[in-house]
Amino acid sequence: RITDLHAVEILDSRARPTLAVTLTTSEGGRIHSAVPSGASTGSMEAVELRDTGRSRYGGQGVLTAVGNVNGEIAQALTGRTFSSAAAVDRALIALDGTDDKARLGANAITGVSLAATRAEAASGGTALWQHIARRAGTSPRLPVPHFNVVNGGAHAANGLDFQEFMLAPLGAPSLAEAVRAGAEIYGRLKARLASEGQPTGLGDEGGFAPDIDRPEDVLRVLVSAIEDAGYAAGREGVALALDPAASEFREDGDYRIAGESLTSDQLIDRYEEMIENFPVWSIEDGLAEDDWDGWTRLTARLGSRVQLMGDDIFVTDPATIAQAVTRTVGNSSLIKVNQIGTVTETLEAVRICREAGYTQMISHRSGETPDAFIADLAVGTGCGQIKSGAPARGERVAKYDRLLEIADAHPVDLRFGVVAP
Ligand code: PGA
Ligand code: ZN
């Protein structure tokens, strides 16, 4: 039974407002959750409600969304007994009444949904990840962290068009060893960049933002940093993963990279060369969200060799992922709760992926808080992969640290590693 619901405007890691929600239930006590926020958002994402009028935070305030939680949503939920967190999500979706959660705001709804899931876990006395696994009918597993150590695109002010370059310690024997590899290579990377006269300032996700334009030049530095730290560059050791976030550098139907203008097929050629020359095992948003024909050809050409993950193109939407499956677009989906707005719909997206043989990676947003919900979500869904930025900065490390604590408490019963599709 929900006895109280309250939201407050707080700051995210980019000095932009977001929501913190406190939900009190008679069975689970007081539960706190905070909402992340993206910068390179897919156009079909559920709508994040920002205040109109530029006088506060340049128009980025969330007092309207906060007011919706404290007003309409609290009125509708407080004093009511729900059979499950899924029932709370259904009530939120019905109350909002729109397809894209634009009326009450996906940020308002996400905050309440995260808290409702936590309250349900607390009322049953189970850890959040265990509760999620039970609810989703999945086998829990510790995910391979994907550390975003070089930032470009919408997340940094450099000239690098690709948004994310990640270290994927696929060959690590344990989560703790994977975290150690990420942190050690991060340190070596900093030293190497500094020795090449590169700035070592950070982007939004805690990765370095060097003045390098060509993605291949970043990949070369990363392989060197992996080897400097004493690891093998490759799937047996530490592989690489890319999120070019290609929607962000598409102009008039072409892709603009480091001064060049490429067609979809030329960009696919470029990816093929990268796969041949560097240990890239996963490419997220390799093509733009509206380039479905290009995605079909990308999948036909490279889908048997690398993971081709949809983020902006799928937006954690079960219906869109189902459509991608029928059109053989991609073979993997990124999963972000606030892209769709409720935990229930997020778990539905995971289920559709699983049944179709699409792998999944649970993800943070570029604007984050110390809330580590996604660590439990990754373990509970058993998807085997997570990305939460660099192995540095509190809001990124909070998720990896939560994973380390779960791993420590379950040394034998939780397996670590990616899941074959
Ligand atoms: P965003 O970026 O949180 O800024 O949308 C993350 C991503 O593209 O994966
Ligand atoms: Zn992405």
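**Exercises on a ligand site**

At 3% relative accessibility, arginine 365 counts as buried, where buried means under 20% relative accessible area, with exposed over 50% and partly exposed in between (1.4 Å probe, protein chains only). This is a predicted model, in which local features need pLDDT of at least 70, side-chain atom pairs count only at pLDDT 80 or more, and totals for chains, interfaces and linings use all residues. Residues are numbered from 1 along each chain as its sequence is written, chains are lettered from A and ligands numbered from 1 in the order in which they are written, and side-chain values use heavy atoms, leaving out hydrogens and water.

**Exercise 1.** Decide whether lysine 336 is buried or exposed, and find its contacts.

Solution. Begin with position: lysine 336 sits in the loop between strand 12 (332-335) and helix 10 (337-340), where helices (H or I, at least four residues) and strands (E, at least two) are DSSP runs numbered from the N terminus. Next, because its relative accessibility is 5%, lysine 336 counts as buried. Finally, when residues up to four places away in sequence are not counted, lysine 336 touches Asp311, Thr316, Ser363, His364 and Arg365, contact meaning heavy atoms within 4.5 Å.

**Exercise 2.** Find how far ligand 1 is from polar side-chain atoms of arginine 365, lysine 387 and lysine 336.

Solution. Start with arginine 365, which has a polar side-chain atom 2.7 Å from an oxygen atom of ligand 1. For lysine 387, an N or O atom of the side chain is 2.6 Å from a ligand 1 oxygen atom, and for lysine 336 the corresponding distance is 3.2 Å; a polar contact is a pair of N or O atoms within 3.5 Å.

Notes. Polar contact = N/O pair within 3.5 Å; in protein donor to acceptor, adjacent residues only side chain to side chain.
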